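Here is a short briefing to read with the model open beside you. Take a moment to look around before you start on the points below.

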Amino acid sequence: MTEVKKVLTIAGSDSSGGAGIQADIKTITVHGMYAMSVITSLTAQNTNGVFGVLDTPPEFVKKQLDCVLSDIRPDAVKIGMVSSAAIVRAIAGKLREYCVKRIVLDPVMVSTSGSRLLAADAVEALRTELFPLADLLTPNLPEAQCLCGREIKTAGEMEAAAKEIAGALRGGVLIKGGHLTDTADDLLYHNGEYTWFHSERVQNPNTHGTGCTLSSAIACNLAEGYSLKESVQRAKDYLTGALKAGLDLGAGSGPLYHAYGIG
């Protein structure tokens, strides 16, 4: 009988298929793993922006989690868009109840197109409910700035912010440097150690769903048994390949080509 690793994505749905659970499921599948999903929100969006958000009732989020976690136990979990404090609490309660491990939390606050996706009261709920459960937090620079309350422009400021944010975590924090002016270097802070991941900046304006894709790829590698450092590096390599594939869809910031390595 075929054995396969299982990865659960807890996130919002992107009707255009470039981000959210759609990007997660594509990423998990091309990593040769079985994808499951708990949908926290429906969004009406495309490459030009987000035009509507309909949250899933918290009790129904719980029901989805019960159905998955009581039947097909995941080897890792990725959490993406969680737009309300009530949904955050619903997720955290179930993750604790089922003692879920290998949790990658992508604190989706603002979309690639600039639309705010997280209510103000949900930020504090993230800090108190989900941060303590996460093995890795993956904020981009704007999200890291929101979490630490100050501007981040330099490598030194990234290190200071990572250490501060990690104070609320049991695991590590990966600050993504894609918004830096001249590089795309990411910083991992874990167990008091800083690790820089240096990478080229791919000249591709189509970056819709990069954060979702990276965090899902990290979760896949953790499910496979790689260390946190190895998982981040392998995920970054995959993301670079998806960007270099040069898919060009839509009138705005288009999606990645998740299946670039197939065929």
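**A buried serine and some salt bridges**

Ser215 is buried, with a relative accessible area of 0% (buried means under 20%, exposed over 50%, partly exposed in between, using a 1.4 Å probe and protein chains only). This is a predicted model, where local features need pLDDT of at least 70, side-chain atom pairs count only at pLDDT 80 or more, and totals for chains, interfaces and linings use all residues. Residues are numbered from 1 along each chain as its sequence is written, and side-chain values use heavy atoms, leaving out hydrogens and water.

**Around Ser215**
- You will find Ser215 in helix α7, residues 210–224 (helices are DSSP runs of H or I with at least four residues, strands are runs of E with at least two, and both are numbered from the N terminus).
- Leaving aside residues up to four places away in sequence, Ser215 touches Lys78, Val104, Asp106 and Thr138 (contact means heavy atoms within 4.5 Å).

**Salt bridges**
- The whole structure has 13 salt bridges (a side-chain nitrogen of Lys or Arg within 4 Å of a carboxyl oxygen of Asp or Glu).
- One of them joins Lys6 and Asp75, with the closest N and O atoms 3.7 Å apart.
- Lys6 lies in strand β1 and Asp75 in the loop between α2 and β4, so this pair ties together parts that are 69 residues apart in sequence.
- Lys6 is partly exposed at 22%, whereas Asp75 is buried at 16%.
- Another salt bridge links Glu151 and Lys153 at 3.8 Å, and both of these residues are exposed.
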